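Student: I have a structure open and would like to go through it with you. Could we start with how the chains meet?

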Amino acid sequence: MRMDAWPKDGGHPGSDLALMREQLLDAFDVSYGMMMPLLGRGGDERNVEFGAALCSAANDWEAQVWCDAEPRLKAAIQVTTEYTEAAIKEIEKRAGDRRFTHVMIPPRGLEPLGRRRYWPILEAAAANGFPIALHLGGTSGHPSTGGGWPSFYHEEHPSYPQSKEALVTSLVVEGVFEHIPNLRVALVEGGFAWLPSLCWRLDKHYKRLREEVPHLKMLPSEYVRRNIWVTTQPIEEPERPDDLLATCEWIGWDRIMFSTDYPHWDQDDPRYAFKVRVPEREKQMLFRDNALAFYTLG
Amino acid sequence: MARHVVATVGEITPGRSKIVTVAGREIGVFNVADAFYALVNRCPHEGAALCLGAVVGRFESDRPGDYRLTRHGEMLRCPWHGWEFDIKTGESWCHPDSVKARSYPVTVVPGKALAKGPFVAETVQVTIEQDYVVVEL
């Protein structure tokens, strides 16, 4: 946790609205703060009835305790991905409630998210106008890297982009975006500089292996460009800061949203995260326009 | 460069620090084993209040599996992203030559000497009986 985010009166970082206003909402003139609860973990729960109850209760808590007290805060609909019916019911229950802006799905599930068993949940999100937010953190029980369990946090943290690559690849190659063309997906807490090279690789293989996945009607990168948004934190810090601008060009400035990860230790400060001057037009997209469009808040 | 009286010597005990505002600048004054050092209260990485971070040692190793804690109480770890700085010099552990927290000279001056001036005592009442921590900037 960010050390100065522990409330003086006790409690955990992020648990005190006044301090959150002071350090985040007011400090950075935030119009909308997207909440992403990571504790409780109803979404990962293997006892699915318990998980569904936990998710639903936590969603009520977000709306009543946080959004009602601070309308700038927007709630995540937490769902248990291993209990399809309950997840759909939860999404439908929150539909039309403007306090909720996104469906939060644990990104390290029992199977890659593009698998058909998860499609009904993804369909329900899209049908009810909600985008999906995939925030890294925690594990499903599978090792967090393709090569097994890491020993150090220094190894664990860079495994986030690895998980994101697996998610993007699964969603695209399984044909999710062909089946649900209006599904909007945000990748949260994985940085973004890895995305262009993944797209180059996916496109390269599409030319050779297309026959295996005839359901794909476009280049993989075109699905990514249409259906996937990235968030910035933890932002990459290249040796030559200018390189970050080229990376953003490759991804598309309209698909990148600034994120803080407040109150975590690795959070980014909007004033200093980019070590290079971002042109004014792109800055507006990064800090405002893209998120308004993605969350349909305009 | 002006001399600013920022504390009495007894006010900042070993291992502790005091944040002061001198000439509009927030500065952390640290007592490391009875010697005083001053760093700007701003991390060069993303601007966090650096001096509110934990005072730690330096972990060093010659080979995997071998660890030792050195320079106990001489390093400052940023409260946001954990970047480590040498309290005595402001040098960062990662890039000592290029990434530094601004440091300022600190001296301990007896009240008797201060009575002659010139100095700026912004919040500290100076008497001739005590010793004072003086930051120059």
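Tutor: Gladly! Keep in mind that this is a predicted model. In the contact between the two chains, nine residues of chain B touch eleven residues of chain A.

Student: How many residues on the side of chain B that touches chain A are nonpolar, polar and charged?

Tutor: Chain B contributes nine residues to its contact with chain A. Sorted by class, that side of chain B has one charged residue, four polar and four nonpolar.

Student: Now to chain A. How are helices α2 and α3 of chain A oriented to each other, roughly parallel or roughly antiparallel?

Tutor: Look at helix α2 (residues 48-67) and helix α3 (residues 84-94) of chain A, whose axes come within 10 Å. These axes cross at roughly 15 degrees. Angles under 35 degrees count as roughly parallel. Therefore α2(A) and α3(A) are roughly parallel.

Student: What is the handedness of the crossing, and which residues make the contact?

Tutor: The crossing of α2(A) past α3(A) is right-handed. On the α3(A) side the contact is made by A:A86, A:E90 and A:R94, and on the α2(A) side by A:V48, A:A52, A:C55, A:S56 and A:N59.

Student: Which classes do the residues in that helix contact fall into?

Tutor: The contact includes A:V48 and A:A52 from α2(A) and A:E90 from α3(A). By class, the contact of the two helices has two charged, two polar and four nonpolar residues.

Student: Let's move to chain B. What is the pattern of its secondary structure along the sequence?

Tutor: Chain B has one helix and eleven strands. Its C-alpha atoms fill a box of roughly 55 × 25 × 20 Å along the principal axes, and 30% of its 137 residues count as buried. Read along the sequence, the pattern is β-β-β-β-β-β-β-β-β-α-β-β.

Student: What share of the contacts in chain B with a separation of 6 or more comes from residues 24 or more positions apart?

Tutor: The contacts to count are those in chain B with a separation of 6 or more. Within that set, residues 24 or more positions apart account for 49%.

Student: Which strands are at the edges of the open four-stranded sheet in chain B, and which residue stands opposite B:V106?

Tutor: The sheet has mixed pairing and the order β9-β11-β1-β10 (chain B). Its edge strands, each pairing on one side only, are β9 (106-110) and β10 (120-121) of chain B. β9(B) pairs with β11 (residues 131-136) of chain B in the antiparallel sense over five bridges. In β11(B), the residue opposite B:V106 is B:V135.

Notes. Residues are numbered from 1 along each chain as its sequence is written. Chains are lettered from A and ligands numbered from 1 in the order in which they are written. This is a predicted model: local features need pLDDT of at least 70, side-chain atom pairs count only at pLDDT 80 or more; totals for chains, interfaces and linings use all residues. Two residues are in contact if their C-beta atoms, placed from the backbone, lie within 7 Å. Ala, Val, Leu, Ile, Met, Phe, Trp, Tyr, Cys and Pro count as nonpolar, Asp, Glu, Lys and Arg as charged, and the others, Gly among them, as polar. Axes are lines fitted to C-alpha atoms, for helices over the stretch in contact, and angles run from 0 to 180 degrees between N-to-C directions. Helices (H or I, at least four residues) and strands (E, at least two) are DSSP runs, numbered from the N terminus. Angles under 35 degrees count as roughly parallel, over 145 as roughly antiparallel, 65 to 115 as roughly perpendicular and the rest as oblique. A crossing is left-handed if the near helix is turned anticlockwise from the far one by less than a right angle, and right-handed if clockwise. A residue is buried if 20 or more other C-beta atoms lie within 10 Å of its own, exposed if 12 or fewer, and partly exposed in between; C-beta atoms are placed from the backbone. Two strands pair if DSSP finds at least two bridges between them.
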